[in-house]
Amino acid sequence: MDAPIGLAFFFGPALIIGIMMLMSGFNTVSAIMVLVLVLCGLKYMHTSIIGKYRIMKSIVNSIHLKKDSKILDAGCGHGAFMLQFNRQAAKISEIIGIDIWSNKDQGSNSIAATQKIMDNSNLADKVKLKTANILDMPFNDNEFDLIVSSLVLHNIKPFEKRKVALVNIARVQKQKGQLVIMDIGYETSKYVRILKELGYQNVNIVNAGYNGWWGTPMVPTFVITATK
Ligand SMILES: C[S@@+](CC[C@H](N)C(=O)[O-])C[C@H]1O[C@@H](n2cnc3c(N)ncnc32)[C@H](O)[C@@H]1O
C-alpha cells in the first residue's frame, strides 16, 4: 500500500464520526459524511492496489524499447513499474531499481522484499536493486535509455530538492533517452518547465484520470513523458 498513512485521512474521521453517532444517535448528515469518507478511503486503496498498475501498464504499452535498453526505476518501492516490463525482457539489457526503502512512503518496504518479488518475475536475471537516493545517484552520466519514476518525487521536500532530483535524473539519462514521471498532485505541472530547462524535448503532461485518484479527484496522478 502506498503511503499507508493516507488511509488514516479518510478512515480516521469516518471512525470518529461513526463512534459519535453510536453515542449520540443516528443523524443523516453524519451518516452521509461517514459514507463519503469510507468511499474515499476505498478509492485510495483501489488506486494503490489496482489503478496505478493500470496506468503503468498503459504507459509501458506505449513505449517503444530499443534493443539492449538499460532502464532505471528511480524510487522503485516494490517494483510495480519494473514488473510491467515483464513481457519486454528480451529487449532489456539491465533494469536497475533504486530506493531508500521508506516505510512511510510504502508499506513493508525493503530491498529484501522487492528482491523476492523480482526473483519470481521474467526479469529476475536483468534486475539489480540498490539502496540509493535520487538526490545522489551512484551512476555515471548518460547511462540510461529509459528512466521511470512513479509516485516518488512528491515525497521529496521542500520543492527545491525535487529540482535537484530532476537534475540528477537528467544527468544519468542518455541523449535521446526517454523519461516517464508519474506523480501526485498539481505541483507535478511545475516539473514540465524544469525538464524543458534541463534540455528535455516533447515534454507532455496528462492527468491519468479515475485510476489515479488518491481518494478524490482533487488528488490526481499526472504522467509526464519527455525525450532528452
Ligand atoms: C509511494 S512509493 C512508490 C513506489 C513505486 N515507485 C510504485 O509506484 O509502486 C514511493 C517510493 O519512493 C521512495 N523514495 C522516497 N524518496 C526517495 C528518494 N529521495 N530517493 C529514492 N527513493 C525515494 C520510497 O522509499 C518509496 O519506496
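This is a predicted model: local features need pLDDT of at least 70, side-chain atom pairs count only at pLDDT 80 or more; totals for chains, interfaces and linings use all residues.
Helix 1 supplies the largest share, at 4 residues. By class, the lining of this pocket splits into 21 nonpolar, 12 polar and 8 charged residues.

Now for the ligand's own surroundings. Its shell holds 22 residues, and Lys-52, Gly-75, Asp-99, Asn-133 and Ser-150 are the closest of them. Sorted by class, the shell comes to 10 nonpolar, 8 polar and 4 charged residues.

| Residue | Protein atom | Ligand atom | Distance |
|---|---|---|---|
| Asp-99 | side-chain N or O | oxygen | 2.5 Å |
| Ser-102 | backbone N or O | oxygen | 2.8 Å |
| Asn-133 | polar side-chain atom | nitrogen | 2.7 Å |

So how much of the ligand does the protein bury? On its own the ligand would expose 590 Å², and the protein buries 97% of that. Asp-99 turns up in two of these descriptions: Asp-99 is one of the closest residues around the ligand, and its side chain has an N or O atom 2.5 Å from a ligand oxygen. Asn-133 does likewise, as one of the closest residues and with a polar side-chain atom 2.7 Å from a ligand nitrogen.

On to the second largest pocket, which holds about 160 Å³ of space. Its lining consists of His-64, Leu-65, Lys-66, Ser-69, Asp-145, Leu-146, Lys-174, Gln-175, Lys-176, Gly-177 and Gln-178. Strand 4 (144-150) and strand 5 (173-184) are the elements that give two or more residues here, and strand 5 gives the most, with 5 residues. The class count for this lining is 2 nonpolar, 5 polar and 4 charged.

Most residues other than glycine have a negative phi, and most peptide bonds are trans. Which residues are joined by a cis peptide bond? Lys-157 and Pro-158 are, with omega at about 0°. Pro-158 is found in the loop that runs between strand 4 and helix 5 (159-172). The other one is Asn-142, a non-glycine residue with a positive phi near 55°. Asn-142 is in a loop as well, the one between strand 3 (127-131) and strand 4.

Terms used. Residues are numbered from 1 along each chain as its sequence is written. Side-chain values use heavy atoms; hydrogens and water are left out. Ala, Val, Leu, Ile, Met, Phe, Trp, Tyr, Cys and Pro count as nonpolar, Asp, Glu, Lys and Arg as charged, and the others, Gly among them, as polar. On a 1 Å grid over the protein atoms alone, a cavity is a set of points where a 1.4 Å probe fits but cannot get out, and a pocket is an open set with protein on both sides within 12 Å along at least five of seven lines; lining residues have an atom within 4 Å of a point. Grid points are joined across faces, edges and corners, and a volume is the space filled by probe spheres set on the points. A residue is near a molecule or strand if one of its heavy atoms lies within 4 Å of it. A polar contact is a pair of N or O atoms within 3.5 Å; within protein, one must be able to donate a hydrogen and the other to accept it, and residues adjacent in sequence count only if both atoms are side-chain atoms. Accessible areas come from the Shrake-Rupley method with a 1.4 Å probe; for residues, only the protein chains shown count as cover.
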